[in-house]
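Trainee: Hi! Could you go through this structure with me?
Mentor: Happy to, ask away.

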Amino acid sequence: MKTITPEEVKQRLDNGEELNLLDVREPQEHAEFNIGGILLPLGRIQSMQLDDIEDWKDKEIILYCRSGNRSGQAALILEALGFSGVTNLTGGMLAWK
């Protein structure tokens, strides 16, 4: 699994890049603070409810959560399901802030 730092993501966003950001936290966490990613909690990924991101299968996807743990788990699942551009945000939203 590839990783990316918060600084790298911030720089790419500041440069105007459109990134496929995937927030795997719970809805209340997403509502409190997010960086613009679509919400797909880890539990939905574990139960293969992936319709929202099926068209991202061959694109870079940057996954994030609170600390990087849940997004790491989600990244492994997505890679096993054939998603090719999976990248985990190291440190998650704790490192972002």
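Trainee: What is the bridge partner of E60 in strand 5?
Mentor: In strand 5, E60 is partnered by G85. This is a predicted model, where local features need pLDDT of at least 70, side-chain atom pairs count only at pLDDT 80 or more, and totals for chains, interfaces and linings use all residues. Residues are numbered from 1 along each chain as its sequence is written, and side-chain values use heavy atoms, with hydrogens and water left out.

Trainee: Good to know. How many bridges join strand 4 to strand 5?
Mentor: Four, and the two strands run parallel. Strands here are DSSP runs of E with at least two residues, helices are runs of H or I with at least four residues, and both are numbered from the N terminus. Two strands pair if DSSP finds at least two bridges between them.

Trainee: And which strand 5 residue does I4 stand opposite?
Mentor: I4 stands opposite L89. Strand 1, residues 2–4, is joined to strand 5 by three bridges, again in parallel.

Trainee: What is the strand order in the sheet?
Mentor: It is an open sheet of five strands in the order 1-5-4-2-3, with parallel pairing. Strand 1 and strand 3 (38–39) are the edge strands, each pairing on one side only.

Trainee: How many bridges do strand 2 and strand 4 pair over?
Mentor: Three, in the parallel sense. As an example, L21 stands opposite I62 in strand 4.

Trainee: Back to strand 5: how many of its residues are buried?
Mentor: Five of its five residues are buried. Buried means under 20% relative accessible area, exposed over 50%, and partly exposed in between, with a 1.4 Å probe and protein chains only.

Trainee: Which residues sit on which side of strand 5?
Mentor: G85, T87 and L89 are on one side, with V86 and N88 on the other. In a regular strand the side chains alternate between the two faces of the sheet.

Trainee: Let's switch to helix 4. Which of its residues are buried?
Mentor: S71, G72, A74, A75 and L78. They cover an arc of only 165° around the axis, which puts them on the same side of helix 4. That arc is taken from the directions from the helix axis to the C-beta atoms.

Trainee: What covers those buried residues?
Mentor: The cover includes strand 2 (21–23), helix 3 (42–46), strand 4 (60–64) and strand 5 (85–89). On the face turned away from the buried side, helix 4 carries the exposed residues N69 and A80.

Trainee: How far apart are the end C-alpha atoms of helix 4?
Mentor: They are 17 Å apart, which agrees with the 16 Å that its 12 residues (69–80) should span at 1.5 Å a residue. The expected span is 1.5 Å times one less than the number of residues.

Trainee: What comes just after helix 4?
Mentor: G82, which takes a positive phi of about 95°. M48 also has a positive phi, about 65°, although it is not a glycine. M48 lies in the loop between helix 3 and strand 4.

Trainee: Zooming out, how many helices and strands are in the chain?
Mentor: Five helices and five strands, following the pattern β-α-β-α-β-α-β-α-β-α along the sequence. The radius of gyration is 12 Å, close to the 13 Å that the globule rule gives for 97 residues, so the chain is as compact as a globular protein of that length. That radius is taken over C-alpha atoms, and the rule is 2.2 Å times the number of residues to the power 0.38.

Trainee: What share of the chain is buried?
Mentor: Buried residues make up 43% of the 97 residues.

Note on methods. Contact means heavy atoms within 4.5 Å.
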